[in-house]
Amino acid sequence: MPMPNDPVLVPLRHAQSMENAGMPDVGPAKSSRLTPLGLDQARAAGEAILEIGPIAQVFASPFIRAVETASAIGEAAGVAVRLEVDLHEMMSYGWFDLSTLQLESLAQVSRLFDNVIPHDDTGRWWPRVYED
C-alpha cells in the first residue's frame, strides 16, 4: 500500500470496445469505439482509481478506444488527458495492414474530446518505426 502522498502509477487497458464485443467495427483498428458497457466501465474505473487517491495526470494512446477510456477517467478526476504517441501495443504487419490505416493526427484525435490534449504539435500519430 502506498504511503500518503506517494505517487501511484495505475496502468489500465481500454474498456470494452466494439471490436472486443464482437460488434461490427466502425473503421480501422484505431477507430474501434467503446460500447455502452465500455463507457460505464471507464467511468467506474475512474471512480475506483479515485478511491486510491487523487489523480494527477492521465495519459492515453491515440487509439480512440483508449482515448474514450482515459477521457472518462480524466472527467472523474477533473484533469485533462494527454495523448502519448508512444503508448501503444506492438504494431505488426502480421496483425494490421498498416498501409490501409487512415491515421488522424494527434490534434484531430484530441478535437473529438473536450478534455484531451496532444503530447506535441508535430502532427505525427504513429511512430515511424514498426515492429515485426
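Which residue in strand 3 is the bridge partner of Arg82? I looked this up as the opening entry: the partner is Ile117.

**Entry 1. Basis of the model**

I note that this is a predicted model, in which local features need pLDDT of at least 70 and side-chain atom pairs count only at pLDDT 80 or more, while totals for chains, interfaces and linings use all residues. Residues are numbered from 1 along each chain as its sequence is written, and side-chain values use heavy atoms, with hydrogens and water left out.

**Entry 2. Elements and overall figures**

I listed three helices and three strands in the protein chain. I take helices (H or I, at least four residues) and strands (E, at least two) as DSSP runs, numbered from the N terminus. Along the sequence they follow the pattern α-β-α-β-α-β.

Of the 132 residues in the protein chain, 40% are buried. For this term I use under 20% relative accessible area, with exposed set at over 50% and partly exposed in between (1.4 Å probe, protein chains only). The protein chain exposes about 8,000 Å², and carbon and sulfur atoms supply 55% of that area. The areas come from the Shrake-Rupley method with a 1.4 Å probe; for residues, only the protein chains shown count as cover.

I also looked up contacts, meaning heavy atoms within 4.5 Å. Among contacts with a separation of 6 or more, 58% join residues 24 or more positions apart.

I found an open sheet of three strands in the order 1-2-3, with parallel pairing. Strand 1 and strand 3 each have a single partner strand and stand at the edges, so one side of each is left without a neighbour in the sheet. On average, neighbouring strands are turned by 30° against each other, direction ignored. Two strands are taken to pair if DSSP finds at least two bridges between them; strand 2 and strand 3, which run parallel, are joined by three.

Helix 2 packs on this sheet and touches strand 1, strand 2 and strand 3. The direction of helix 2 makes about 170° with that of strand 1. For such values, axes are lines fitted to C-alpha atoms (for helices, over the stretch in contact), and angles run from 0 to 180 degrees between N-to-C directions.

**Entry 3. Arg82**

I returned to Arg82, which is placed in strand 2. Arg82 is partly exposed, at a relative accessible area of 37%. Beyond four places in sequence, Arg82 touches Val58, Phe59, Ala60, Ile117 and His119. Ala60 is 22 residues from Arg82 in sequence, and their C-alpha atoms are 6.3 Å apart. The side chains of Arg82 and Glu84 are joined by a polar contact of 2.6 Å. I count as a polar contact a pair of N or O atoms within 3.5 Å; within protein, one must be able to donate a hydrogen and the other to accept it, and residues adjacent in sequence count only if both atoms are side-chain atoms.

**Entry 4. The nonpolar core**

Which residues have the most contacts inside the largest nonpolar core? I noted Ile55, Val58, Val67, Ile73, Val81, Leu83 and Val116, in a core of 17 residues. Elements that give two or more residues to this core are helix 1 (36-52), strand 1 (58-60), helix 2 (64-77), strand 2 (81-83) and helix 3 (106-110). Helix 2 gives the most, with four residues. A nonpolar core is a set of buried Ala, Val, Leu, Ile, Met, Phe, Trp, Tyr and Cys residues joined through side-chain atoms within 4.5 Å.

Leaving out residues up to four places away, Ile55 touches Gly46, Ile49, Leu50, Ile73, Ala77 and Val79. Ile73 and Arg43 are 30 residues apart in sequence and 6.1 Å apart in space, C-alpha to C-alpha. Arg43 lies in helix 1 and is partly exposed, with a relative accessible area of 42%.

Is Asn115 buried or exposed? Asn115 is buried, at a relative accessible area of 15%, and its place is in the loop between helix 3 and strand 3 (116-118). The side chain of Asn115 makes a polar contact of 2.7 Å with that of Ser71. Beyond four places in sequence, residues touched by Asn115 include Gly74, Glu75 and Val81.

Glu68, in helix 2, likewise counts as buried, at 9% relative accessibility. A polar atom of the Glu68 side chain lies 2.6 Å from the backbone nitrogen of Leu34. Glu68 touches Arg33, Leu34 and Phe113, residues up to four places away in sequence not being counted.
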